[in-house]
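Dear colleague,

I am passing on the structure we spoke about, and I would be glad if you could look through it with the notes below at hand.

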Amino acid sequence: MTLLAHDRYCDEIAHQVGLLRSVVTSGTDLSATVPTCPDWSLEELVRHTGGALRWVELMVRTRAQEEVPEEQVPGIEGPEAWGDAAALDAWLAQAGEQVVAALREAGPDAKVWGWAGILNAGFWARRMAHEITVHRADATLAAGLPYEVAPDVAADAIDEWLQIVEYVQRTEPHDAARELRGPARSIHLHATDTGAELNAEWLVELTEDGVTWRRGHEKATVALRGPLTSVLLAFYRRLPLDAPELEVLGERELLEFWLERATFG
């Protein structure tokens with residue numbers, strides 16, 4: 001599997017921050033509940049995302065070799081005043097600029113602590129690109145705005161999530177991870193709106209030995225088909241399986257079983 005270039009991830013973080021800022025300044029009520037994260041308001045979601053960017057910026061800039069406690073990150077909580085879209089926008093813009101600068105300066109191979117067994121700045125460039133891409137979906141859903149993702153980013157986000165599931169199952173075998181083991185069953189993800197060069201299809205196998213996956217078109221116990229962005233959002237539990245643009249073929253219960261349990265990491 002080929003990752004995107006480090007600069008591509010940095011570019012995407014900057015792009016996604018800009019798009020998230022446009023939601024903040026769109027006039028949407030910042031106290032509105034986020035449908036896909038109902039414990040959060042839109043402002044809480046944005047503060048979480050911006051805080052994560054600041055946390056990663058500090059770790060990458062200082063080449064941290066262990067996890068940095070959040071209370072040590074300057075400005076992580078956001079503006080003092082709540083409900084101030086201009087202040088929130090400025091704070092988010094600064095967080096984006098700083099983390100992108102730190103990641104570009106570090107390069108992908110700089111040694112930095114990470115939580116998924118990949119101990120370099122490249123892990124954080126990829127992780128934050130997809131973190132903000134998915135949380136922007138949460139924000140746009142709350143604001144009732146359209147959402148789209150570049151195909152290469154969407155496909156890589158699915159790759160990364162599968163790697164995370166695989167890693168967590170191997171290293172942190174808690175109940176949800178253990179329940180994904182069992183008699184051979186499989187899930188096929190199939191983007192219907194991309195060219196062959198992207199190969200935006202995946203086979204996920206749930207076996208007695210754990211979860212494995214690969215890109216490609218193969219028969220499976222259940223298949224999820226639809227536009228790539230919709231498949232991504234459904235896979236991240238941001239879009240219901242009965243959305244009109246999606247099609248589920250085969251044992252829907254297996255796909256639901258997966259989505260209920262593969263949410264750790």
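The notes that follow take the helices, the core, the loops and the cysteines in turn.

This is a predicted model, in which local features need pLDDT of at least 70 and side-chain atom pairs count only at pLDDT 80 or more, while totals for chains, interfaces and linings use all residues. Residues are numbered from 1 along each chain as its sequence is written, and side-chain values use heavy atoms, with hydrogens and water left out.

H3 covers residues 85-106, and its 22 residues reach 32 Å from the first C-alpha to the last, close to the 32 Å expected at 1.5 Å a residue, the expected span being 1.5 Å times one less than the number of residues. At its start, a side-chain oxygen of Asp84 reaches to within 3.2 Å of the backbone nitrogen of Ala86, and just after the helix Gly107 takes a positive phi of about 75°. The buried residues of H3 include Leu88, Trp91, Leu92, Val99 and Leu103, where buried means under 20% relative accessible area, exposed over 50%, and partly exposed in between (1.4 Å probe, protein chains only). What covers the buried residues of H3 includes helix H1 (6-24), helix H2 (42-62) and H4.

The largest nonpolar core has 91 residues, and those with the most contacts inside it are Trp124 and Trp258; such a core is a set of buried Ala, Val, Leu, Ile, Met, Phe, Trp, Tyr and Cys residues joined through side-chain atoms within 4.5 Å. The largest share of this core, 12 residues, comes from H4. Leaving aside neighbours within four places in sequence, Trp124 is in contact (heavy atoms within 4.5 Å) with residues including Trp55, Met59, Leu103, Trp113 and Trp115.

His130 lies in helix H4 (residues 121-143) and is buried, with a relative accessible area of 1%. Beyond its neighbours within four places in sequence, His130 is in contact with Tyr9, Val153, Asp156, Ala157 and Glu160. Tyr236, in the loop between helix H7 (228-235) and strand S7 (247-250), is buried as well, at a relative accessible area of 10%; with the same exclusion of neighbours, Tyr236 is in contact with Arg127, Val134, Ala157, Glu160 and Trp161. Tyr236 and Ile158 are 78 residues apart in sequence and 8.6 Å apart in space, C-alpha to C-alpha.

S1 and S2 form a hairpin with two residues between them, and Thr33 stands opposite Ser41 in S2.

Arg63, in the loop between H2 and H3, has a positive phi near 55° and counts as partly exposed at 26% relative accessibility. Asn199, in the loop between strand S3 (185-191) and strand S4 (201-207), also has a positive phi near 55° and is partly exposed, with a relative accessible area of 34%. Most residues other than glycine have a negative phi.

As for the cysteines, Cys10 is buried at 0% relative accessible area and Cys37 is buried at 13%. The disulfide count is zero, a disulfide being a pair of cysteine sulfur atoms within 2.5 Å.

With best wishes

Notes:
Helix = DSSP H or I, 4+ residues; strand = E, 2+ residues; numbered from the N terminus. Polar contact = N/O pair within 3.5 Å; in protein donor to acceptor, adjacent residues only side chain to side chain. Pairing = 2+ DSSP bridges.
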